[in-house]
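Subject: Structure handover

Hello,

Please find the structure below. Some notes on what was found in it follow.

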Amino acid sequence: MLTSSVNVVQSSWPDTDQGDISGLSRSVSNLGSSFGTALVGSVLVAAKLPAGKPFAVALVMMLVLTLIGLVLGILIPRQPADASERAGSRAGE
């Protein structure tokens, strides 16, 4: 899934910004991996506790972060920026 998401994100930006977008995409990917590892670790540790409340908190946090990621994924432009510019210039010819 990571390769597909990188392709979708980077194709949404013009060629002049590809270096910046690539670095930002990699940084966010690494941050997401770190958060994911931390959350899964906290869920596994919380499952061992008898009270069960830490597990519920970790599960809710994971759900909230997942929903934030889903909303951000939906907001990604569906058409590359330069493709819409090319379509506009062809219509003027």
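In which helix is G73 found? G73 is in helix α3; helices (H or I, at least four residues) and strands (E, at least two) are DSSP runs, numbered from the N terminus.

This is a predicted model, in which local features need pLDDT of at least 70 and side-chain atom pairs count only at pLDDT 80 or more, while totals for chains, interfaces and linings use all residues. Residues are numbered from 1 along each chain as its sequence is written, and side-chain values use heavy atoms, with hydrogens and water left out.

Overall picture

The protein has 4 helices and 0 strands, in the order α-α-α-α along the sequence. Of its 93 residues, 10% count as buried (buried means under 20% relative accessible area, exposed over 50%, partly exposed in between, with a 1.4 Å probe and protein chains only). The protein exposes about 7,200 Å², and carbon and sulfur atoms supply 69% of that area. Accessible areas come from the Shrake-Rupley method with a 1.4 Å probe; for residues, only the protein chains shown count as cover.

G73 counts as partly exposed because its relative accessible area is 35%. G73 and V9 are 64 residues apart in sequence, with 9.2 Å between their C-alpha atoms. I68 also lies in helix α3, which covers residues 53–74, and its relative accessibility of 44% makes I68 partly exposed.

I76 lies in the loop between α3 and α4 (81–91). At 25% relative accessibility, I76 is partly exposed too.

The largest pocket

The largest pocket has a volume of about 1,200 Å³. On a 1 Å grid over the protein atoms alone, a pocket is an open set of points where a 1.4 Å probe fits, with protein on both sides within 12 Å along at least five of seven lines; lining residues have an atom within 4 Å of a point. Grid points are joined across faces, edges and corners, and a volume is the space filled by probe spheres set on the points.

The lining has 30 residues, and V28, S29, G69, L72 and G73 lie nearest the pocket centre. Helices α1 (2–11), α2 (18–48) and α3 each supply at least two lining residues; the largest share, 12 residues, comes from α2.

Regards
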